[in-house]
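Dear colleague,

Here is the structure I said I would pass on. My notes follow below.

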Amino acid sequence: MTTAVVEPSRLRPWFGLFTVLSLVLLVAMDGSVLYLAMPRITSALTPTADQSLWILDIYGFVVGSLLVTFGNIGDRYGRLRLIMVGASTFGLGSLGAAFSPSPEVLIACRALMGLGGATLLPSGLAIISALFPDSRERAQAISIFAATFAAGFAIGPVLGGMLLQSFDWGVVFLINVPVVLGFLLAAPVFLRDVRSTSHGRIDVPSLLLSFVGILLFTWSVKTAAAYGVSIHPLGVGGVGLAALVLFVVRQTRLEHPLLDLGLFRDPVFSIAILTGLLSLVVWSATGYLMGIYLQSVLGQPVFSAAMLTLPGAIVLTAACVWTSRLVERIGRRTALVATHLLIGAGVLLFLFTGLDSGAAVFIVSSVVAGIGYGLSFSLVAEIAVSAVPTERAGAAGAIAETSNELGNALGISLLGSVAAICFRLYGPGFAGTLNETLTHASLTPATALQARQAFLTGLHVAVGMGGTMMILLGILSWLWLPRRLPE
């Protein structure tokens, strides 16, 4: 009887894969881990309404604004060097966030984490592709990469809730530090550098225009939601929109643009990117609002709220893993349309939540939507890349990742701001958020009830808009997409 011996050289790529996945999991989790921690953070640091939104979404804005740029930097100077610097930056930002004494410091540390996180996704995917020269193994590794990213989004609230049962709110950031240290020790051993032999120069004006435009526009939306519409936020928003228009115009004139607008001429690519953007808009907004609903409206302890998110997280991860087999049976077009309809239907079920009951509705809704999110996470990048010529696959993949990160940030800013406006209009007027109102010195049972009802109204308006948007996109996709999508 002989025993098969696996050569160390065959195992090395897989050790390298799991080294990268540790960081991928952290980056994905940090898009959602704060959903259940925000009531604790609000009580400890007393941020204003717009500061609360910045704490949540500055990370996603920084990541989304810099993904394409850091992809180009990695091509020029080497992916491994960039990812090591990015991991160190991410770890330092996490450490600072864990011990932040004020909302302003926490926002700055979250931005620093986003700066580090923006290096990890494009560099990690490029390194993984280089680790596996065999096409079958490479496809399997990239599938694991996508599933890990989806799982990170799904388990972020669960892990955060479990930790918050026993520790202070800073623990949701502190857990990043040992993982980063482990990566910095393992990366030089199991990973190798990757760089492109052909690349254009990095256009700094494009970087500044996109970053400033996104931040100024969303700041204006969030400020108007928290304090009402006035000349100042309207003017800032106008400057932001102008910067974004200049960014788009500049991309059409550059030989090596940061954003290859020519890719959007393909309707399949455009629908895939729009799916990635809008599904994450709805995901992040509902995750944030439902975290507050479970704790501050229904009065669920943080651990119980975390357990209620577990069924949806399990279904989402399973759907991501099994997407390829489902697509083989029903086809990519049907699967993509099903993505929109499942997310839309699941989110619209949140409309049946109430002041005294809603936990069961939350579970059913998150399971139905979770199937759609799992399909989306697996399908979007694959469809986007397959819709373009091989030599443009890298640019397509970067745009797909960027759409996910921007959607994650825009959801809280836009739909979260819609909920904030409703709360300001119908609430008792003591403060700009439900958690601030419930701790106000002048609170009475009647005003507490009014505050909870105002928040629920805002929640229903936001999820109604998000769910309807996904249903409409599903209908349009069915009408616009060709019957057979490219493989």
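Thr339 is buried, with a relative accessible area of 0%; buried means under 20% relative accessible area, exposed over 50%, and partly exposed in between, with a 1.4 Å probe and protein chains only. Thr339 sits in helix 13, residues 332-348 (helices are DSSP runs of H or I with at least four residues, numbered from the N terminus). Leaving aside residues up to four places away in sequence, Thr339 touches Thr275, Gly372, Leu375, Ser376 and Leu379, where contact means heavy atoms within 4.5 Å.

This is a predicted model, in which local features need pLDDT of at least 70 and side-chain atom pairs count only at pLDDT 80 or more, while totals for chains, interfaces and linings use all residues. Residues are numbered from 1 along each chain as its sequence is written, and side-chain values use heavy atoms, with hydrogens and water left out.

Next, helix 12. Helix 12 covers residues 302-330 and bends by about 55° at Trp322; the bend is the angle between axes fitted to the seven residues ending there and the seven starting there. Among the buried residues of helix 12 are Val302, Ala305, Ala306, Leu308, Thr309, Gly312 and Ala313. Just after helix 12, Gly331 takes a positive phi of about 90°.

Last, a loop residue. Ser102 lies between helix 4 (79-98) and helix 5 (103-131) and is buried, with a relative accessible area of 18%. The C-alpha atoms of Ser102 and Ile41 are separated by 9.9 Å, the two residues being 61 residues apart along the chain.

Regards

Key:
Helix = DSSP H or I, 4+ residues; strand = E, 2+ residues; numbered from the N terminus. Expected span 1.5 Å × (residues − 1).
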